[in-house]
Amino acid sequence: MQILCTPTYEKQLKDILDEFALEDFLATKKFKLYLDTILVNLPTKAHKYKQSALFNDENIKEIPHEAYNVIFFHDKTNNNYLIMGILKK
């Protein structure tokens, strides 16, 4: 089992963190640390997240985190999780 991130997610996250860092570096660090914790625990918690309203697929779900939703796809065939993007609610 792997947790993979798309280049889109990485770019969106970088943009969000850059914007946060201009205002409060400590808050930025806490945001990223908590997000990393959520993603590391994804395999054991994926069932608790709701299906994304943006997709008509029960394997694409969203994780609410502060003012954002992290969109991920659970590839059950290969037992992988693909982090697709992070969008403002």
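These notes walk through the sheet, the helices and the charged pairs of the structure above.

1. A word on the model to begin with. It is a predicted model, in which local features need pLDDT of at least 70 and side-chain atom pairs count only at pLDDT 80 or more, while totals for chains, interfaces and linings use all residues. Residues are numbered from 1 along each chain as its sequence is written, and side-chain values use heavy atoms, with hydrogens and water left out.

2. Start with the sheet. Four strands make an open sheet, ordered β1-β4-β3-β2, with mixed pairing. Here helices (H or I, at least four residues) and strands (E, at least two) are DSSP runs, numbered from the N terminus, and two strands pair if DSSP finds at least two bridges between them. At the edges you will find β1 (2-5) and β2 (60-65), each pairing on one side only. On average, neighbouring strands of this sheet are turned by 30° against each other, direction ignored. Such angles run from 0 to 180 degrees between N-to-C directions, with axes fitted to C-alpha atoms, for helices over the stretch in contact.

3. Now follow the hairpins. β2 and β3 run antiparallel and are joined by six bridges; E62 stands opposite I71 in β3. Two residues separate these strands in their hairpin, and E66 in the turn has a positive phi of about 55°. Next, β3 (residues 68-75) pairs with β4 (residues 80-88) in the antiparallel sense over eight bridges, with H74 opposite Y81 in β4. This second hairpin has four residues between its strands, and N79 in the turn has a positive phi of about 55°.

4. How much of β3 is covered? Seven of the eight residues of β3 are buried, where buried means under 20% relative accessible area, exposed over 50%, and partly exposed in between (1.4 Å probe, protein chains only).

5. Helix α1 (residues 7-23) lies across β1, β3 and β4, at about 40° to β4. Helix α2 (residues 25-40) packs on the sheet and touches β1, β2, β3 and β4, its direction making about 145° with that of β2.

6. K61 deserves a look. This residue lies in strand β2. K61 is buried but has no salt bridge, and E58, the nearest side chain of opposite charge, is 8.1 Å away. (Lys and Arg count as positive, Asp and Glu as negative; His and the chain ends are not counted.) A polar atom of the K61 side chain lies 3.4 Å from the backbone oxygen of A46. Beyond its neighbours within four places in sequence, K61 has contacts (heavy atoms within 4.5 Å) that include H47, Y49 and F72.

7. Finally, the charged pairs. Side chains of opposite charge can pair when their charged atoms come close. A salt bridge is a side-chain nitrogen of Lys or Arg within 4 Å of a carboxyl oxygen of Asp or Glu, and the whole structure has four. One of them joins D18 and K14, with the closest N and O atoms 2.7 Å apart; both lie in helix α1, four residues apart, about one turn of the helix. Another joins K32 and D36 at 2.6 Å, N to O, and these two are also separated by about one helical turn, in helix α2.

8. Which parts of the chain does the E62 and K50 pair link? These two form a salt bridge, their closest N and O atoms being 3.8 Å apart. E62 is in strand β2 and K50 in the loop between α3 (42-45) and β2, 12 residues apart. E62 is buried at 9% relative accessibility, whereas K50 is exposed at 57%.

Definitions and conventions:
A polar contact is a pair of N or O atoms within 3.5 Å; within protein, one must be able to donate a hydrogen and the other to accept it, and residues adjacent in sequence count only if both atoms are side-chain atoms.
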